[in-house]
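User: I am new to this structure and would like to learn how to read it. Please take the features one by one.

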Amino acid sequence: PAPLPGWRYQARFMADRVQFDAQGDGLAASINVLVSPEDDTELRTVILHNTGRTERVVELVSCFEVVLADSRADDAHPAFSNLFVQTRWEPQWRALLLKRMPRLHGDPQMAVAHFLAEVDADLLSVDCIADRRVFAGRNRPAHQPALLAQPMAADGNPINGLDPVASLRLTLRLAPGAVARLSFATAAA
């Protein structure tokens, strides 16, 4: 959860996961992050509880930096690796698919999917952001990204520019006392 004045935060690190909790201003949030090294998969489960007396419309954003290259190549030239990343939005799956085209003959093709795996919430909308400039904006603090509208190509896929990110952006409604549960998954192929 983004840091807000007057909110209480807690982080717990366990053997199999990490849990982040935040409470304040009529809302409680809990995020559990599990990483499976055997499956190249991460699962983030977000639980939101409207503890206030009025309905809330909440925007929830999940984002990570795309690295689809050998770690040594990415360390040496991180911007260069991003030039070969292509994105595709699959709205029926609520999934952003990213793949890195091989640069040289014999290089492996790498891909990752970031998707909404489970929803128990009054979901109003789901879309994606694939361009870091669109996500972050200019001269903004990390906890207040710009979250501009993602430009889309004629085929309905996001234009990721030179610096891609993988971000899902959800809008949901929380009635007073309601609890929403959402799970985001990231899986490499």
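Analyst: Begin with contacts: two residues are in contact when heavy atoms lie within 4.5 Å. In this chain, 58% of the contacts with a separation of 6 or more join residues 24 or more positions apart. Keep in mind that the model is predicted.

User: How many helices and strands are there in the chain?

Analyst: Helices and strands are counted as runs from the N terminus. The chain has 11 strands and 3 helices. Their order, starting at the N terminus, is β-β-β-β-β-α-α-β-β-β-β-α-β-β.

User: What share of the residues is buried?

Analyst: Buried means under 20% relative accessible area. Of the 189 residues in the chain, 37% are buried. As for the surface, the chain exposes about 11000 Å², and 54% of that comes from carbon and sulfur atoms.

User: Which residues make the nonpolar surface patch?

Analyst: Nonpolar side chains are joined into a patch within 5 Å. Here Phe80, Leu83 and Leu162 make a patch of about 310 Å².

User: Where does Leu162 lie, and is Leu162 buried or exposed?

Analyst: Leu162 sits in the loop between α3 (132–136) and β10 (164–174). Leu162 counts as exposed because its relative accessible area is 65%, and the cut-off for exposed is over 50%.

Terms used: Residues are numbered from 1 along each chain as its sequence is written. This is a predicted model: local features need pLDDT of at least 70, side-chain atom pairs count only at pLDDT 80 or more; totals for chains, interfaces and linings use all residues. Side-chain values use heavy atoms; hydrogens and water are left out. Patches are made of residues with over 30% relative accessible area and no salt bridge: like charges are joined within 9 Å, nonpolar side chains (Val, Leu, Ile, Met, Phe, Trp, Tyr) within 5 Å. Accessible areas come from the Shrake-Rupley method with a 1.4 Å probe; for residues, only the protein chains shown count as cover. A salt bridge is a side-chain nitrogen of Lys or Arg within 4 Å of a carboxyl oxygen of Asp or Glu. Helices (H or I, at least four residues) and strands (E, at least two) are DSSP runs, numbered from the N terminus. Buried means under 20% relative accessible area, exposed over 50%, partly exposed in between (1.4 Å probe, protein chains only).
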